[in-house]
Amino acid sequence: MSYIIVTDDYFGGAEGFQSILNDYYENEMEVLRPNDKEKARKFIEEGLIVGGRRVGLTEGVEKERYQIEEALLNQLLDSRLIRAENTHLGKSYELSHDTLIAPILASFEKRRLREEERQKAAELRVARKRFAIAASIALACILLTATSTIFYVQARNAKSDAEQQAKIAQTERTNAQSALTSYKKAQLEGARDRYDRYLASGITYMTQTDYNTALNNFDLALEVLQNYKED
């Protein structure tokens, strides 16, 4: 009869044995429900390991501090990841063996790094969104400034044309033409005043990072311009 002699090499040496332990911890975590998994990891990785050493927690702490209910506690005990220990202070819970510390800490570190990467990615998305908003507002300011210049030139030319028409108008139409010019001027000044106020308010709100209010004021300025052109 032949026998198989099981040595460390049978499991792939120390590296293979460590891999088995790591897989064992991860596999036992995967069978838990999502909510229980998060609680169990926190209980084991942060409660039963302190400073790289396993420690015991007195019975009751697992529920009060880590929300480990009886059903989940029994599941962890059955998995042999943790064990109950009776001491002179009463029952306590601890990791079943020191060999589990390294794979558990390695798992904790991997998850921590993944969480940091997710957080950085989320922050980057927020930064890009804010940049896009700021860029849109800056472009709107440039367009509004250019439009304001055109608006002023058009108004000045309109005034010049009105004056020229007034000069060549017949005497009997002088009074009527003067009244019409005054009316147009009043309309123009009122439109320019509203336009300038909305534009200035929009720029002020933009510097205060109140982008929604800034865009509302820019829309009002464009509406004044559009109404003036339609008139």
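Colleague: Hi! Leaving out residues up to four places away in sequence, which residues does Glu28 touch?

Modeller: Glu28 touches Ser79 and Leu81, where contact means heavy atoms within 4.5 Å. This is a predicted model, in which local features need pLDDT of at least 70, side-chain atom pairs count only at pLDDT 80 or more, and totals for chains, interfaces and linings use all residues. Residues are numbered from 1 along each chain as its sequence is written, and side-chain values use heavy atoms, with hydrogens and water left out.

Colleague: Where is Glu28 placed?

Modeller: Glu28 is in helix α1, residues 13-30. Helices (H or I, at least four residues) and strands (E, at least two) are DSSP runs numbered from the N terminus.

Colleague: And why does Glu28 count as partly exposed?

Modeller: Because its relative accessibility is 23%; buried means under 20% relative accessible area, exposed over 50%, and partly exposed in between (1.4 Å probe, protein chains only).

Colleague: Changing topic, which residues touch the most other members of the largest nonpolar core?

Modeller: Met29, Phe43, Ile44, Leu76 and Ile82, out of 21 residues. Such a core is a set of buried Ala, Val, Leu, Ile, Met, Phe, Trp, Tyr and Cys residues joined through side-chain atoms within 4.5 Å.

Colleague: Which elements give two or more residues to this core?

Modeller: Those are α1, α2 (34-47), α4 (70-78), β5 (90-95) and α5 (101-168). Apart from it lies another core, of 12 residues, including Ala140 and Ala214.

Colleague: Last one: is Asn217 buried or exposed?

Modeller: Asn217 is buried, at 11% relative accessible area. Asn217 belongs to helix α7, residues 211-230.
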